[in-house]
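Subject: Structure handover

Hello,

Here is the structure you asked about. Please open it alongside this note. My findings follow below.

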Amino acid sequence: MVAPLEILGALLVLFGLVLALFILRRYLLARNGATFDCSLRREHPRRASAWILGVARYGEDRLEWFRIFTVSPRPTRVLIRSQLDLLEWKQPGEQDVHSILPGAVIVRCTYGLDDPEIVELAMTRSDYTGFATWLESAPPGMQPFSA
């Protein structure tokens with residue numbers, strides 16, 4: 001028969017391993033490029049969508065977005081810089097303030113060429129400055145920054 005303390009010990013070890021995986025994943029993401037905390041929400045015409053907590057990483061021609069609560073090393077969403085246009089930034093509304101990180105602003109973008117979708121990103125004001133600069137600094141021949 002297994003003692004309750006052995007079960008508790010096994011659960012604590014398992015929790016520690018999962019926590020170590022999250023920390024290792026975050027370290028590896030940051031090691032391969034500039035990262036910042038960034039929540040993401042896609043705008044749907046017929047239903048409200050939820051904010052998803054994540055981390056974004058700049059690439060040369062793309063922004064890779066990773067969910068926080070997963071151990072997958074692959075990005076959940078990849079936004080190609082030439083298909084991303086900044087519409088505006090705004091302060092979060094009452095319905096958003098409890099769903100995103102404190103001090104974040106909401107950045108509304110269109111993404112796609114033929115049938116663009118609205119993508120909202122929540123990031124700190126200083127991360128927004130870096131994001132806007134990254135969009136503006138696209139190499140010659142890429143779609144220009146519009147806002």
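A contact here means heavy atoms within 4.5 Å. With that in hand, take the contacts in the chain with a separation of 6 or more: residues 24 or more positions apart account for 46% of them. Please keep in mind that this is a predicted model.

**Layout**

The chain has two helices and eight strands. From the N terminus on, the order is α-β-β-β-β-β-β-β-β-α. Of the 147 residues in the chain, 32% are buried.

**First sheet**

Four strands make an open sheet, in the order β1-β3-β4-β5. Their pairing is antiparallel. At the edges stand β1 (35-37) and β5 (77-80). Each has a single partner strand, so one side of each is left without a neighbour in the sheet. From one strand to the next, the twist averages 20°.

Look at the β1 end. Three bridges join β1 to β3, and the two run antiparallel. F36 is placed opposite A56 in β3.

Another open sheet of four strands has the order β2-β8-β7-β6. Here too the pairing is antiparallel. The edge strands are β2 and β6, and each pairs on one side only. The twist in this sheet averages 25° from one strand to the next.

β8 has partners in both β2 and β7. Four bridges join β2 (residues 39-42) to β8. Eight bridges join β7 to β8. Both pairs run antiparallel. One more pair: the bridge partner of R42 in β8 is V119.

β7 and β8 form a hairpin, with five residues between them. In the turn, G112 has a positive phi of about 115°. β8 itself is mostly covered, with seven of its eight residues buried.

**Helix α2**

α2 has 12 residues. From its first C-alpha to its last it reaches 17 Å, close to the 16 Å expected at 1.5 Å a residue. Which residues of α2 are buried? They are Y128, F131, A132, W134 and L135. Seen down the axis of α2, these buried residues fall within an arc of 160°, so they line one face of the helix. The face turned away from that buried side carries the exposed residues S126 and E136.

What covers the buried residues of α2 includes β3, β4, β6, β7 and β8.

**Cores**

In soluble globular proteins, nonpolar side chains tend to be buried together. Here is how that looks in this model. The largest nonpolar core has 22 residues. Those with the most contacts inside it are L63, L84, V107, L121, M123 and F131. Which elements give two or more residues to this core? They are β3 (54-58), β4 (62-67), β6 (84-90), β7 (104-111), β8 (117-124) and α2 (125-136). The largest share, five residues, comes from α2.

There is also a second, separate core of five residues. It includes W51, I100, A104 and A122.

V107 is worth a view of its own. Leave aside its neighbours within four places in sequence. V107 is then in contact with L86, E88, W89, V119, E120, L121, M123, Y128 and F131. Among these, L121, M123 and F131 are also listed with V107 for the most contacts inside the largest core.

**Where to start**

Begin with α2 and its buried residues, Y128, F131, A132, W134 and L135. Finish at V107, whose contacts include L86, W89 and Y128.

Best wishes

Notes:
Residues are numbered from 1 along each chain as its sequence is written. This is a predicted model: local features need pLDDT of at least 70, side-chain atom pairs count only at pLDDT 80 or more; totals for chains, interfaces and linings use all residues. Side-chain values use heavy atoms; hydrogens and water are left out. A nonpolar core is a set of buried Ala, Val, Leu, Ile, Met, Phe, Trp, Tyr and Cys residues joined through side-chain atoms within 4.5 Å. Buried means under 20% relative accessible area, exposed over 50%, partly exposed in between (1.4 Å probe, protein chains only). Two strands pair if DSSP finds at least two bridges between them. Axes are lines fitted to C-alpha atoms, for helices over the stretch in contact, and angles run from 0 to 180 degrees between N-to-C directions. The expected span of a helix is 1.5 Å times one less than its number of residues. The arc is that of the directions from the helix axis to the C-beta atoms.
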